Amino acid sequence: MRVLTAAQMANIDRRAIEDLGVPSLVLMENAAIGVVEAIGERFPDAGSVGIVCGPGNNGGDGLAVARHLHARGYEVTLAMVGDRQKLSDDCRSQLEIVDAIGLAVDQISAEADLDTWISRAQEWGLIVDALVGTGLSRPLGDLYESVVERVNRCGVTVLSIDLPSGVVADRARLEGPAIEAKLTVTFAAPKLAHV
């Protein structure tokens, strides 16, 4: 089995984009479709889904997942953690599409915002974790740590995109709080932290 480091995964993405001419948004759409298919297969009764997104490409994956779930008839509750002025280009593109189709996105900029968002968790059949992915290289910061802890305590099943948030792709052990996912959908190959 092939196991990748974060740098190797980034290189595969870069080569697909630069050498093969596959637009990064196409890669993101393909990832989102894979996640949505996994949700349909593993959690067929999850008619309502809460999705929490970060400002990077993992968050962009989450926004794309939200669109595809919405198109398939799921009730989707979206939240964006952090500063909307600091989104990756692809995450910003996905957010613009989500805004254009009228999906509401709650902003989590402080603990009070988190309290409001997570208070609805018992309405959801599933939470999708799209906070951070393979780009994480250190323990999570304060607000992200709070999101992870609250999601873990809420009692709702969690699916993580690529890696559970808080897990560093190249490390064998946790260095801080991390999402306790029932299922993680990763892309291309497992990362070191998966094994």
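**The sheet and its surroundings**

Modeller: Strand 1 and strand 4 run parallel and are joined by five bridges. Strands here are DSSP runs of E with at least two residues, helices are DSSP runs of H or I with at least four residues, and both are numbered from the N terminus. Two strands count as paired if DSSP finds at least two bridges between them. This is a predicted model, in which local features need pLDDT of at least 70 and side-chain atom pairs count only at pLDDT 80 or more, while totals for chains, interfaces and linings use all residues. Residues are numbered from 1 along each chain as its sequence is written, and side-chain values use heavy atoms, with hydrogens and water left out.

Within the pairing of these two strands, V49 stands opposite L126 of strand 4. V49 also faces strand 2, where V76 stands opposite. Strand 1 (residues 48–53) pairs with strand 2 (residues 75–81) in the parallel sense, over six bridges.

I127 has V158 of strand 5 as its bridge partner. Taken as a whole, the open sheet has six strands in the order 3-2-1-4-5-6, with parallel pairing. Strand 3 (105–108) and strand 6 (183–185) are the edge strands, each pairing on one side only. On average, neighbouring strands of this sheet are turned by 20° against each other, direction ignored. For such angles, axes are lines fitted to C-alpha atoms, for helices over the stretch in contact, and angles run from 0 to 180 degrees between N-to-C directions.

Contact means heavy atoms within 4.5 Å.

Next, burial. A residue is buried under 20% relative accessible area, exposed over 50%, and partly exposed in between (1.4 Å probe, protein chains only). In strand 4, five of the five residues are buried, so strand 4 is largely enclosed by the rest of the structure.

In soluble globular proteins, nonpolar side chains tend to be buried together. A nonpolar core is a set of buried Ala, Val, Leu, Ile, Met, Phe, Trp, Tyr and Cys residues joined through side-chain atoms within 4.5 Å. The largest such core here has 34 residues, and I39, I51, V65, L69, L78 and L159 have the most contacts inside it. Elements giving two or more residues to this core are helix 2 (24–42), strand 1, helix 3, strand 2, helix 4 (89–100), strand 4, strand 5 and strand 6. Helix 2 supplies the largest share, six residues. V65 touches A32, V35, V36, I39, I51 and I161, leaving aside neighbours within four places in sequence. Apart from this core lies another, of 24 residues, including I118, W124, Y144 and I179.

H68 sits in helix 3 (residues 57–71). H68 is buried, at 17% relative accessible area, and touches E29, A32, I33 and V36, not counting residues up to four places away in sequence.

W124 is buried too, with a relative accessible area of 5%. The structure holds one aromatic pair. Its members are W117 and W124, whose ring centres are 4.7 Å apart with planes at 45°, so the pair is tilted. Rings of Phe, Tyr and Trp (its six-membered ring) pair if their centres lie within 6.5 Å; planes under 30 degrees apart are stacked, over 60 edge-to-face, and the rest tilted. W117 counts as buried at 1% relative accessibility.

Finally, the cysteines. A disulfide is a pair of cysteine sulfur atoms within 2.5 Å, and the count by this rule is zero. The sulfur of C53 has its closest cysteine sulfur in C91, 6.8 Å away, which is too far for a bond. C53 is buried at 0% relative accessibility, and C91 is buried with a relative accessible area of 0%.
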